[in-house]
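Hello,

Here is the structure I promised to pass on. Please have a look, then read my notes below.

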Amino acid sequence: MNKVIEVIEGDITTVQVDAIVNAANEQLAGGGGVDGAIHRAGGPTIMAECREIGSCPTGQAVMTNGGKLPADKVIHTVGPVWSGGNQKEAELLASCYRNSLILAEEYQLKRIAFPNISTGVYGYPKKEAARIAVQTVEDTLRNLDYVEEVVFVCFDEENESIYKESLGHN
Ligand code: ADP
């Protein structure tokens, strides 16, 4: 089956796919950055489901409704906080992308959009994070049946050009 990986610059809360991924925290408590934007745009039903779920360990993923978002579902994954690179950050970041896609597959979803997990407040170096994201998504997609398309939604031009370069989309 044909798989598609796309890169766009923009706001993930406006993207119409089966699920958008949120860069959440372990408490699923909402916060700033993309997490705050998703809860603001999606409304209170997302947080209500987060409270029922309770928490999510770093590297894992959970799913909620998408509230008022154009996306049907939100996959909340928790990226690692960058602390120099010797705290299993790379492994945990790869797990975020892999586990989000596996969860999407379990729900038989086709089109998934990711933000640049951990590259905001959590401080992960952007180029290294993009390399892990692209490699993990390419590797995981090969083994999935339902998930056909992944969109990397970059909030800034720097990330957009890093991703386009990593994917050979220039
Ligand atoms: P983390 O805590 O995982 O670093 P952040 O939300 O601080 O999460 O940042 C993750 C990435 O999401 C950053 O690259 C940031 O620029 C980006 N971002 C922030 N708001 C949005 C948005 N509305 N849509 C897409 N990406 C966003």
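How many helices and strands does the chain have? There are 5 helices and 6 strands. Please keep in mind that this is a predicted model.

Fold first. Starting at the N terminus, the order of elements is β-β-α-α-β-β-α-β-α-β-α. The radius of gyration is 14 Å, close to the 15 Å from the globule rule for 170 residues, so the chain is as compact as a globular protein of that length. Along the principal axes, the C-alpha atoms fill a box of roughly 40 × 40 × 30 Å. Of contacts between residues at least 6 apart in sequence, 72% link residues at least 24 apart.

Next, the interior. Buried residues account for 45% of the 170 residues. The largest nonpolar core holds 49 residues. Ala19, Ile20, Ile112, Phe114 and Ala133 have the most contacts inside it. Helix H3 (residues 89-106) contributes the most to this core, with 8 residues. In soluble globular proteins, nonpolar side chains tend to be buried together.

Look at Ala19 in particular. Leaving out residues up to four places away in sequence, Ala19 touches Ala71, Asp72, Lys73, Val74, Ile75, Ala104, Leu109 and Ile112.

Last, the ligand. Which residues come nearest to the ligand? Among the 21 residues around the ligand, these are Ala23, Gly33, Gly120, Tyr122 and Phe155. Helix H1 (residues 33-42) supplies the largest share of the shell, 4 residues. By type, the shell splits into 10 nonpolar, 8 polar and 3 charged residues.

Best wishes

Technical notes
Residues are numbered from 1 along each chain as its sequence is written. This is a predicted model: local features need pLDDT of at least 70, side-chain atom pairs count only at pLDDT 80 or more; totals for chains, interfaces and linings use all residues. Helices (H or I, at least four residues) and strands (E, at least two) are DSSP runs, numbered from the N terminus. The radius of gyration is taken over C-alpha atoms; the globule rule is 2.2 Å times the number of residues to the power 0.38. A residue is buried if 20 or more other C-beta atoms lie within 10 Å of its own, exposed if 12 or fewer, and partly exposed in between; C-beta atoms are placed from the backbone. Two residues are in contact if their C-beta atoms, placed from the backbone, lie within 7 Å. A nonpolar core is a set of buried Ala, Val, Leu, Ile, Met, Phe, Trp, Tyr and Cys residues joined through C-beta atoms within 7 Å. A residue is near a molecule or strand if its C-beta atom, placed from the backbone, lies within 6 Å of it. Ala, Val, Leu, Ile, Met, Phe, Trp, Tyr, Cys and Pro count as nonpolar, Asp, Glu, Lys and Arg as charged, and the others, Gly among them, as polar.
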